[in-house]
Amino acid sequence: MPIAKKMPIAFNYLYFAMILVALMTALAWGVNLFQQQPLLEIVVAVMLSANVLIAVGVWFRFHRQISRVNQLTTDIANSFLQPQPSHNDLSSAVHDPLGKLEVEVQGLSQHLSLELSKTSNKQAKVNGQLLSAILDSAAVAVYAVDSSGTCIYANPQCAQLLGYQTADELLNANMRKIIDKNASQSCLDLTIQDIKEDTFWRADGTSFPVEYKSQPLDLGEPDKGAVISFYDNSERLEAEALIRHQAHYDTLTDLPNRFLALKRLEQLVEASERNGQMIAVIFLDLDDFKKINDSLGHEAGDQLLITASERLLKATRAEDTVGRLGGDEFIILLDGLSSANDAQPLAENLIAGFRKPFYIDNRQLILTASIGIAIYPNDGKTPSELLRNADSAMYHTKSIGRNTYSYFTHAMNKEVSRRLAIEEQIHGALERDELSVHYQIQLDIRDGTIMGAEALLRWDNPTLGSVSPAEFIPIAEQTGVIESMGEFIIKRSLEAAKTWQHKFNDSFRIAINLSPRQFRNPNLVQSIKDKVSEAGMTPADLELEITEGVLLSGHAYTLDALMQLSKAGFCISMDDFGTGYSSLSYLRTYPFKILKIDRSFINDMNKDDKSNELIIATIEMAHALGIQVIAEGVETQEQLDELSFMMCDYAQGFLISKPAPFDDLLLIGERYKALHQKLAVQEKADVLKVI
């Protein structure tokens with residue numbers, strides 16, 4: 001019997017026992033059993049009274065606890081809406097409140113267990129649906145297999161990647177045979193859980209690269225299953241291959257780039273150290289390629305580079321390396337040579353290949369190339385040294401006329417080293433106050449007066465010494481430093497002209513040269529005007545010399561700038577006339593007021609009749625067009641007299657004055673002024689004598 005039921009019965013027995021003892025004691029006392037012992041009689045009477053009081057207290061206490069138990073039972077039944085107990089339970093509970101409470105508590109326990117069971121089943125169902133929805137919507141493919149490799153689950157992405165219509169087609173199939181046509185029906189290896197790369201097969205027999213990961217699956221069996229997740233790795237591998245290709249190949253021509261070409265050269269050097277054969281490094285640069293970009297645009301230039309790379313590939317062997325270093329520079333690597341002369345046939349073949357016209361945008365272009373050759377191990381032991389020396393040989397080729405090839409010599413290396421030093425030092429030359437302006441007088445042949453001077457830039461560097469303009473001007477042009485140099489020489493020239501005019505009270509014009517780079521600046525015209533205005537001078541005090549290099553591009557902004565300068569009152573002159581192939585057309589197109597005959601023609605005067613005839617023809621043609629003529633490089637009195645006879649307007653050269661600083665120019669001016677006055681006085685005296 002449960003303890004809850006035994007407790008009320010025990011209380012009943014104890015209660016009745018106490019009552020029985022009290023009655024028996026009272027009976028004994030009533031029949032005077034204790035009369036012989038008065039003290040005992042008193043004790044029995046007291047004990048009887050106490051027993052009665054205790055019994056009454058126990059009875060009240062017990063019935064009060066029963067009422068509390070009944071109330072608790074009622075509250076439990078009402079709170080949880082327990083079902084009513086059976087008739088037997090009710091009949092037994094009438095006299096057994098604790099038993100009734102026990103029944104109610106048991107019912108409550110059953111109710112709670114039932115509710116918890118319902119909640120657990122519902123949550124498990126929700127969790128299962130949620131997990132299924134997550135796996136079905138996952139972008140990654142997932143399937144599960146038992147210990148034998150049989151598919152027990154597959155999501156739609158798995159079926160799609162493997163080429164099946166639905167995931168049901170994969171259920172109960174051996175996944176190892178499906179994803180790997182050559183695999184045996186072996187058990188899965190669950191010891192490796194890292195991400196791995198592999199190749200899976202589709203239903204149609206095609207394969208694709210994947211990345212996959214396997215996780216053990218406990219199926220409640222001695223053997224474990226597995227859950228495998230994977231995704232198609234094709235796009236990532238293609239992207240990586242594209243990145244590798246772009247890192248090693250030129251994006252325009254698809255030739256090996258500088259990095260890959262030098263890596264290939266490094267491998268060839270290592271191989272040549274073992275076999276003792278030679279390597280030729282050919283450095284090829286397209287001549288005047290910049291003019292193509294400037295005149296036809298970069299799209300035409302890109303197309304020309306692509307066509308040029310195709311010609312290089314056709315001219316070389318399959319085992320040769322042809323790469324693009326950048327811009328219009330290419331490299332060709334030849335290995336297995338027995339002598340340096342073995343590279344000569346290819347060099348000649350490359351030069352000949354570039355003599356054929358290029359057809360770009362329905363235009364026929366003639367483009368030549370300059371080549372430099374360095375040989376391993378004669379000209380260098382490392383890839384960087386070989387490339388540098390081949391580059392030196394290429395620059396030498398350009399200096400001797402282009403459109404040919406040159407082998408490297410140590411003299412070339414000195415030349416290139418000098419060029420690199422100039423490039424390094426030319427930046428900051430103005431800030432270090434290393435530049436100065438010298439002036440060479442221009443003489444009016446007709447009356448012997450000084451009409452002006454040409455401003456010539458000079459550079460004296462502590463490291464390089466006195467650097468010739470023939471060396472640093474082209475480098476300044478290429479590096480862009482020429483623009484700041486141009487502003488410097490304009491400012492100094494205007495100051496010199498102003499000082500001369502105030503000192504001698506005479507007109508004086510300074511001639512300066514404008515470079516092609518300066519014409520790219522859209523503010524060129526306004527900048528020159530502003531500097532003239534700031535100096536308090538007029539445009540007539542400044543002569544702007546233009547070489548044919550400025551005009552070759554044919555850009556509209558060049559013509560516009562020259563027209564604006566001419567309208568503003570500046571004197572525009574063409575420098576080095578006679579050295580270009582189309583100078584006559586320039587005289588008709590551009591607003592020239594002065595033409596300067598190149599010193600090479602003056603130097604050949606009186607050596608043959610043709611030189612004199614060309615000078616005469618040039619002077620007459622210029623005068624017919626309203627253009628004045630300056631002869632450069634006049635070094636003898638005979639040349640000056642001949643030019644005077646030819647009606648040349650002005651002369652410039654060492655006979656008249658060497659380029660000199662402005663202070664020396666003023667002294668030269670004073671001597672010419674005094675001489676001119678002396679000649680004028682002498683001429684006046686001679687006239688008076690005749691009269």
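Student: Why is Asn-275 called partly exposed?
Tutor: Its relative accessible area is 44%. Buried residues are under 20% and exposed ones over 50%, with partly exposed in between. The value of 44% falls in that middle range, so Asn-275 is partly exposed. Please keep in mind that this is a predicted model.

Student: Where does Asn-275 sit, and how far is Asn-275 from Gly-336 in sequence and in space?
Tutor: Asn-275 belongs to helix α8, residues 258-275. From Asn-275 to Gly-336 there are 61 residues in sequence, and their C-alpha atoms are 8.8 Å apart in space.

Student: What makes Asp-288 worth a look, and is it buried or partly exposed?
Tutor: Asp-288 has a positive phi of about 55° although it is not a glycine. Most residues other than glycine have a negative phi. You can find Asp-288 in the loop between β6 (278-286) and α9 (289-296).

Student: Which element holds Asp-576, and what is its phi?
Tutor: Asp-576 is in strand β18, residues 571-577. Its phi is near 55°, a positive value in a residue that is not glycine. With a relative accessible area of 28%, Asp-576 is partly exposed as well.

Student: How do you know that the peptide bond between Tyr-376 and Pro-377 is cis?
Tutor: Look at omega, which is about 5° for the bond joining Tyr-376 and Pro-377, a cis peptide bond. Most peptide bonds are trans. Pro-377 lies in the loop between β11 (369-376) and α12 (383-399).

Student: Why is strand β7 called largely enclosed?
Tutor: Count its residues: five of the six in β7 (residues 321-326) are buried, so the rest of the structure largely encloses this strand.

Student: What makes β7 and β8 a pair of strands?
Tutor: Two strands pair if there are at least two bridges between them. Five bridges join β7 to β8 (residues 329-337), so they meet that cut-off, and they run antiparallel. Thr-321 stands opposite Leu-333 in β8. The two strands form a hairpin with two residues between them, and Gly-327 in the turn has a positive phi of about 60°.

Student: Why are β2 and β3 said to stand at the edges of their sheet?
Tutor: The sheet is open, has five strands in the order β2-β1-β5-β4-β3, and pairs them antiparallel. β2 (151-154) and β3 (196-201) each have a single partner strand, so one side of each is left without a neighbour in the sheet. From one strand to the next, the twist averages 35°.

Student: How do you know that the buried residues of α16 lie on one side of the helix?
Tutor: In α16 (residues 524-534), the buried residues are Leu-524, Val-525, Ile-528 and Val-532. They cover an arc of only 105° around the axis, which puts them on the same side of α16. An α-helix has 3.6 residues a turn, so residues three or four places apart point the same way. The face turned away from the buried side carries the exposed residues Ser-533 and Glu-534.

Student: What do the buried residues of α16 pack against?
Tutor: Their partners are α15 (482-504), β16 (509-514), β17 (542-546) and α18 (556-567). Just after α16, Gly-536 takes a positive phi of about 70°.

Student: Which residues have the most contacts inside the largest nonpolar core?
Tutor: They are Ile-528, Phe-592 and Leu-643, in a core of 80 residues. Helix α15 gives the most to this core, with ten residues. Apart from this core lies another, of 33 residues, including Leu-255 and Phe-358.

Student: How many helices and strands does the chain have, and what share of its residues is buried?
Tutor: The chain has 23 helices and 21 strands. Of its 691 residues, 40% count as buried.

Terms used. Residues numbered from 1 in each chain as written. Predicted model: local features only at pLDDT ≥ 70, side-chain atom pairs only at ≥ 80, totals over all residues. Heavy atoms only, no water. Buried < 20%, exposed > 50% of the residue type's maximum accessible area, 1.4 Å probe, protein only. Helix = DSSP H or I, 4+ residues; strand = E, 2+ residues; numbered from the N terminus. Arc of directions from axis to C-beta. Contact = heavy atoms within 4.5 Å. Core = buried A, V, L, I, M, F, W, Y, C linked by side-chain atoms within 4.5 Å. Axes fitted to C-alpha atoms, helices over the stretch in contact; angles between N-to-C directions.
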